[in-house]
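Welcome, and take a moment to get your bearings. Below are the sequence and the structure that we will walk through together.

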Amino acid sequence: NNVDGNWISGINFIDSPRLGPQDKLPENKINKGTNKFYFLPLILGLIGLLFHFKRRYQDGIIVMLLFIMTGVAIVVYLNQYSPQPRERDYSFAASFYAFSIWIGLGVLMVTEWLQKFMDSKKSAIVATGLCLLLVPGVMAKDGWNDHDRSGRYAALAIAKNFLESCDKNAILFTVGDNDTFPLWYAQEVEGIRRDIRVVNLSLLSGDWYINQMRKKAYESDPLPISLRPEQYRASNREVTYLVEQPNIQGFQDIKDIFDIIDNHETAFQQVNEGEKFDFIPTKNFSIKADTAFIRKNGMIPAFYRDSIVPAINFTVNQDVLMRSDLIILDIIAHNNWKRPVYFSAAVPSDALQGLSEYTLQEGVAYRLVPAHIKGSDGQTGGVNTAVMYHNLMDKFFWRNLNNPHVYLDETCHRLATNYRNAFGRLAFGLAEEGQNAKAVKVLDYCMQIFPEKQLPFDYFALQMAYAYAKAGDINKAAAIWDRMMTLSKENIDYSMRTNVKNGEKMDGDTQQYMYYLQKIIQDAAKAGKTDTEKKARTLFEDYYSRLF
């Protein structure tokens, strides 16, 4: 959009009308990825283009066709919509090569101009030096620090820490590329935690992938999938409709439902105009648990023992199950609590199919447990403080994440917020259990690993501040609240200075930082920090009166 991730020239009178004022930027909007090239590569390439067509227009047409067909034309052919979920520079790679030919020819044009003032040898040397300095030189100066990946182990860290969040022989459900591909690398190349079966929910809709899950991988046994391959092959059960019937009341055991699908599948099928539809006659499901076995194996910590239930009862709040949803339920139902089941922290709560209130966080993954838990911090499930403390403080891999010379890009920032959230939740849980000293130690360690300069403060910093307050260290809480008030003021002031074109995005930023001020007011009031509460309230009311 206009504010995040757009191009910038470095020339204020060109950038400001499009991107908003470039002076007095909020501190958290300044980063190494803001590269200013002042149009110099473009200008030199356009000079080369004119030189090419002037000298040999037939050759120029060939390069122009190469530039168009491998750039704009290929994007049109692929129907590449905007915005994309990530940078797509590779779509234009060959067109960059074509334009680079003109950049090279641009140096010849500059050489030719300089020959009017000096001999050909000197002009060639000066033109080469000048163009090197102004184009690749400027690009290296501004672009090197955010393209240099040396010393950055964020991908391996996220992989290792996801895996180390899990108990032995676990099943770990992940989603998307960023929390799956690094795990595959860690297991395949580094040999880390090969006892864990990684299950990518985005791929689980493919019959070929389900077949892979039915086979042993490394030290991980096949997954317990009851459906036969012909029942999910090709287009079979791509969608299963949930059609509630009045004669079916209460929560239905998932194993019983799969028994019917396995042995009498026509009972859950209808044919309409020659087309077969698969359905399940309820949205309310149950997964039974042997409570004696659960108490004996220590899966659930003492703090939550009273929450243990003989069966997980949950409702799927949608009208259809995609094939991947169905397979998840199949695996969980037939696992019989023999193998630990986890969901990575990146899995959205709606993908848990109503199971989020039956989870315990043990790192950057949530363990499915037969205990009904409503987290008092407003987040998914509860926290196994003993296991999570050991994982975060002793087992997790942090190499260079706090090194100011190692650049963490936007993707690394997004993944790292999972850690800050995990530390905040752990500290809050420890404080609830009366372990205040441990809670403060956890928060201090997090601030050491993820200093603000490496990972700018966001919502989860407020969570950490409240955890500090709950653990009794009000001074450290107040320091974060003060910092967040400063950032909120900078960002709201910046939003109010932008023009109408940027208004929609800026409104979102304004609402976000107004919410931060509201949360500081609420949390400071709960903690009895009246001076902070008053300061935040004054700031909030001032902006509210001016904005609304």
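Two residues are said to touch, or to be in contact, when they have heavy atoms within 4.5 Å of each other. What you see is a predicted model, in which local features need pLDDT of at least 70 and side-chain atom pairs count only at pLDDT 80 or more, while totals for chains, interfaces and linings use all residues. Residues are numbered from 1 along each chain as its sequence is written, and side-chain values use heavy atoms, with hydrogens and water left out.

Let us begin with Gln-187, which you will find in helix 8, residues 181–188. Helices here are DSSP runs of H or I with at least four residues, strands are runs of E with at least two, and the numbering starts from the N terminus. Is Gln-187 buried or exposed? Gln-187 is buried, with a relative accessible area of 3%; buried means under 20%, exposed over 50% and partly exposed in between, using a 1.4 Å probe and protein chains only. Leaving aside residues up to four places away in sequence, Gln-187 touches Leu-163, Ile-192, Arg-193, Arg-194, Ile-196, Val-198 and Tyr-218.

Next, look for an open sheet of six strands, ordered 2-1-10-12-11-13 with mixed pairing. Two strands pair if DSSP finds at least two bridges between them. Strand 2 (197–200) and strand 13 (382–383) stand at the edges with a single partner strand each, so one side of each is left without a neighbour in the sheet. Strand 1 (residues 171–174) runs parallel to strand 2, joined by four bridges, and Thr-174 has Asn-200 as its bridge partner in strand 2.

Now move along this sheet to strand 12, residues 365–368, which is covered on both faces: Ala-365 and Arg-367 on one side, and Tyr-366 and Leu-368 on the other, are all buried. Strand 12 pairs in the antiparallel sense with strand 10 (residues 341–344) over three bridges, and Phe-343 stands opposite Tyr-366. Strand 11 (residues 359–361) is also antiparallel to strand 12, again with three bridges. There Gln-361 has Tyr-366 as its bridge partner, and a hairpin of three residues connects strand 11 to strand 12.

A further open sheet has three strands in the order 4-7-8, with mixed pairing. Its edges are strand 4 (252–253) and strand 8 (311–315), each with a single partner strand, so one side of each has no neighbour in the sheet.

For a loop, turn to Pro-224, placed between helix 9 (207–213) and helix 10 (229–232). Pro-224 is partly exposed, with a relative accessible area of 23%. Not counting residues up to four places away in sequence, Pro-224 touches Asp-330, Ile-331, His-334 and Asn-335.

Finally, visit a pair of helices. The axes of helix 16 (residues 436–449) and helix 17 (residues 459–470) come within 9 Å and cross at roughly 150°. The two are therefore roughly antiparallel to each other, a term for angles over 145 degrees. The contact involves Asn-436, Val-440, Leu-443, Asp-444, Cys-446 and Met-447 of helix 16, and Met-464, Ala-467, Tyr-468 and Lys-470 of helix 17.

Note on methods
Axes fitted to C-alpha atoms, helices over the stretch in contact; angles between N-to-C directions. Parallel < 35°, antiparallel > 145°, perpendicular 65-115°, else oblique.
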